[in-house]
Amino acid sequence: MIKNDERIPVTVLTGFLGSGKTTLLQKLLGGREGAGVAVLMNELGEVALDDLYIQKMTETTLVLKNGCVCCSMRSDLQKGLRELIDGRSSGTVPPFDRILIETTGLADPTPIAQTLVGDLMLRRQVRLANIITTIDAIFGAGQIDTHPESMRQAAIADRLVLTKTDIAEPEQIRQAREKIHQVNPVAVLLDANEEESLWTQLFDIDPFNPKTKSTEVQAWLKCLPKIQTAGSRRFSDKTGRIQQYHQEQHKEGEIQTFSIRTETPLNWTAFCIWLSALIHRYGPQLLRIKGLLNVPDALGPVVLNTVQSHITPPMHLEEWPSEDHSSRIVFIVQGISPERVEYSLRCFLSILENS
Amino acid sequence: MCAACGVLSGTPDWMDRAGNPEGIGGKKDETRRGERQKLIKMVNILLGPGKAKISDFGEKLILKGPTGKTKIVDSLGHVWVEADKIGLRPVDPLDEAFLELIESSKT
């Protein structure tokens, strides 16, 4: 089990067109800590001028050519990352201790995670950190409703940063917050204009960092009661072991957040077979899975974190955050019935662990 | 790496407990081989409806299809990918008919 991870953290900054990604980036890089951040940006018409501004602020900016970083440029992203890392080693690039990738406004950020683990050389040098999504307080709620890209960006995030709150009407901010909570209730929601600890929340704490995993788990565990009371329903199953206690239907009927809880310790092999098969078949629809699992004989409660088909090696906590030692898993899915997921897990565990 | 399943060839699977520095740890007396035998037994239940089967092949696995066609696979993720190609029925954990089949196969 890895206790310290010395690899370079790679933060992904995404957000819909005009949602304030570059403004946030300027704010973050303009601070004292910004000097240690290398930036990878992709070049589309929308951001070309922004690039010039950013380059004035940091010498360690690499602009990727030819379009969208999320799909057509995975090899370019690999090349860009290698250039930065090699340049740091050789001294041709100023020192940095973190890389930030800014995507285009229409990008799905998850292929970036795949790129980071798919390249064996890169995987030894870099690791995924937070996926940050900016959301416009004025137009964000509407964009999430009408643009699937915006909804997926919000659903997949670890950190959601509400922008333009200084010029938005209070009602617009309320609607944006409500919409964000519907789509991704377990992400940390920050205000770009009020959050004094913006840097800490965005960069110092992340779910893939062994040093901050406990803080991160406790943050999303706190969200569970909120999820339960937001239109939840409870039903029992045949065995009584697994209870899905939340199901939230959005009017779009596409992205849903729900959780599964089981008091019985999980058979690790059976659970992993189920998760692996589920991800193989439905990976693109499994936007995020976060879990705290009770696995017999493990060194501690096991922390699970996936981004679509990307599974980071599970970590464990030194101790349980509370007296509650049940396994709890939160799913943010698209186009998948929560009931089916719960029923499937129950069947797999029942069949496989008794085999 | 398999682009379809995100599995890294030649590295410990994220689920392995024994001998895996990135794993979650476990019983000290549990061997990698012992873990693997449990895995094979469970996975074969799921491959049953598709008339496919896996067996141990050192650090790898051999997948055998209904026509006798075999494929060497690196990891669990690869099993699903190849089983889709050579099996008669894909492993679909959300397909109720599939779940009924594996449930009935045990009785």
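The model is a predicted one, so local features need pLDDT of at least 70 and side-chain atom pairs count only at pLDDT 80 or more, while totals for chains, interfaces and linings use all residues. Residues are numbered from 1 along each chain as its sequence is written, with chains lettered from A and ligands numbered from 1 in the order in which they are written.

Chain A comes first. Its domain assignment gives domain 1 (8–204) and domain 2 (213–353), the bounds coming from an automatic or database domain assignment. Across the boundary, 15 residues of domain 1 of chain A are in contact with 19 residues of domain 2 of chain A, contact being scored when C-beta atoms, placed from the backbone, lie within 7 Å. On the domain 1 side, helix 4 (110–118), helix 7 (148–156) and helix 8 of chain A each put in at least two residues; helices here are DSSP runs (H or I, at least four residues), as are strands (E, at least two), numbered from the N terminus. That side splits into ten nonpolar, four polar and one charged residue, where Ala, Val, Leu, Ile, Met, Phe, Trp, Tyr, Cys and Pro count as nonpolar, Asp, Glu, Lys and Arg as charged, and the others, Gly among them, as polar.

Helix 8 of chain A (residues 170–183) also holds His181(A). Thr257(A) lies 76 residues from His181(A) in sequence, yet the C-alpha to C-alpha separation is 9.9 Å.

Chain B has three helices and three strands, running α-β-β-β-α-α from the N terminus on. Of its 107 residues, 33% are buried. Among contacts in chain B between residues at least 6 apart in sequence, 38% join residues at least 24 apart.

Now for the helix pair. The axes of helix 11 (residues 268–282) of chain A and helix 2 (residues 76–86) of chain B come within 10 Å and cross at roughly 50°; axes are lines fitted to C-alpha atoms, for helices over the stretch in contact, and angles run from 0 to 180 degrees between N-to-C directions. Helix 11 of chain A is therefore oblique to helix 2 of chain B (under 35 degrees is roughly parallel, over 145 roughly antiparallel, 65 to 115 roughly perpendicular, the rest oblique). Ile273(A), Ser276(A), Ala277(A) and His280(A) in helix 11 of chain A meet Leu76(B), Gly77(B) and Trp80(B) in helix 2 of chain B.

Terms used
Buried ≥ 20, exposed ≤ 12 C-beta atoms within 10 Å, placed from the backbone. Contact = placed C-beta atoms within 7 Å.
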